[in-house]
Amino acid sequence: MNELTRDVMDQVYTGYSTKYNVGLEKAQGKHKEFCEIVTSTAPIEEYPMAALQGSLRKWVGSRVVNRLTGKKLQVINDTYEYTLGIPANDIMFDKMALHNGRFEDIGLMVVNHPDKLAFDVLLTNPVWADGKAFFVANRKIDDKNRVTLNNLVALGFSYEAVSTGQKQMMAFTNASKEPLELEPDLLVVGPKHHQSARAMMYNETIMIDGVAVTNPYRNDNIKVMMSGRFIGDYEDHWRLMVTNRGVKPVVVQKVFESGLIRKDRFNDDNMFIDDEALYGVKVIDAAGPGLPQLALAGIPA
């Protein structure tokens with residue numbers, strides 16, 4: 001039996017911190033593949049609307065200076081927490097190991113939390129800097145409203161729908177109608193279409209109308225990513241993205257991550273009244289849409 005001395009509680013915290021760190025190391029952090037990660041230092045960050053350029057311009061006359069516009073997107077940071085109570089008797093009777101997996105899970109949750117924020121940006125289709133939805137069929141990208149960007153396909157997942165989206169993205173131009181020469185390299189789907197999406201991109205043959213045919217859609221350069229958030233009303237949604245540019249389709253801003261913190265002193269209220277030690281994390285972060293030229297949504301009509 002353990003007396004709940006400071007030394008014992010410190011050892012317990014060290015053990016649980018080790019398991020927490022194991023979770024941090026295990027986590028994949030899918031958002032890192034398609035998000036621009038920004039260090040935030042304010043409650044609200046503002047991002048000026050930017051234009052994606054396709055190539056260098058031939059120098060004729062004076063330089064043409066490309067500037068950010070006055071329109072701005074605001075991304076508001078939020079605070080998140082997770083708190084775990086461990087009965088003091090479990091520590092006293094040396095049953096701490098029962099909870100090791102729970103601390104590992106907390107580490108996983110911390111790393112994967114931006115995944116949730118980033119995928120929710122893709123799913124909820126928030127308003128962009130110009131006041132239009134991020135995924136929309138009629139965005140004007142030039143001052144004279146002559147060039148339209150359509151990063152929306154009003155179809156659920158199918159081979160033909162994704163192929164349409166690929167062609168749409170590869171035809172994107174800048175405001176001067178110069179091709180951006182984009183090649184999508186990431187396809188995001190939910191569990192329902194994960195296997196079909198992999199077959200589309202990687203198999204030599206696929207089934208079309210019940211017949212095995214040579215796969216006309218195969219593209220080893222496009223990675224298929226499954227998100228468990230594409231379920232329910234979103235199960236037939238899909239997203240195509242370009243992730244190999246200097247800027248990214250989604251912005252994740254990170255402010256603060258506490259690490260594992262504790263409230264486990266014998267005279268703490270939780271120990272005195274509820275007979276349990278408390279451990280938890282605090283995270284401040286947010287996510288928002290990046291450049292609409294780098295993402296296209298398949299949203300069933």
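Which residues are buried in α4?

Tutor: This is a predicted model, in which local features need pLDDT of at least 70 and side-chain atom pairs count only at pLDDT 80 or more, while totals for chains, interfaces and linings use all residues. Residues are numbered from 1 along each chain as its sequence is written, and side-chain values use heavy atoms, with hydrogens and water left out.

The buried residues of α4 are Tyr 159, Ala 161, Val 162, Ser 163, Gly 165, Gln 166 and Met 169. Buried means under 20% relative accessible area, exposed means over 50%, and partly exposed lies in between (1.4 Å probe, protein chains only). Helices (H or I, at least four residues) and strands (E, at least two) are DSSP runs, numbered from the N terminus. Helix α4 covers residues 159-170, 12 residues in total. From its first C-alpha to its last, α4 reaches 17 Å, close to the 16 Å expected at 1.5 Å a residue; the expected span is 1.5 Å times one less than the number of residues. An α-helix has 3.6 residues a turn, so residues three or four places apart point the same way.

The cover over the buried residues of α4 includes the strands β7 (152-153), β8 (186-189), β9 (205-208), β12 (238-241) and β16 (295-298), along with helix α5 (194-202). Contact here means heavy atoms within 4.5 Å.

Now the charged pairs. Side chains of opposite charge can pair when their charged atoms come close. A salt bridge is a side-chain nitrogen of Lys or Arg within 4 Å of a carboxyl oxygen of Asp or Glu, and the whole structure has 14 of them.

One of them joins Glu 204 and Arg 218, with the closest N and O atoms 3.7 Å apart. Glu 204 sits in the loop between α5 and β9, and Arg 218 in the loop between β10 (211-214) and β11 (223-226), so the pair links distant parts of the chain, 14 residues apart. Glu 204 is exposed at 57% relative accessibility, whereas Arg 218 is partly exposed at 39%.

Another pairs Arg 139 with Asp 130, the closest N and O atoms being 2.7 Å apart. Arg 139 is buried, at 1% relative accessibility, while Asp 130 is partly exposed at 22%.

Lys 72 and Glu 46 also form a salt bridge, at 3.8 Å between the closest N and O atoms. Because Lys 72 lies in strand β3 (residues 72-76) and Glu 46 in strand β2 (residues 44-48), the pair ties together parts that are 26 residues apart in sequence.
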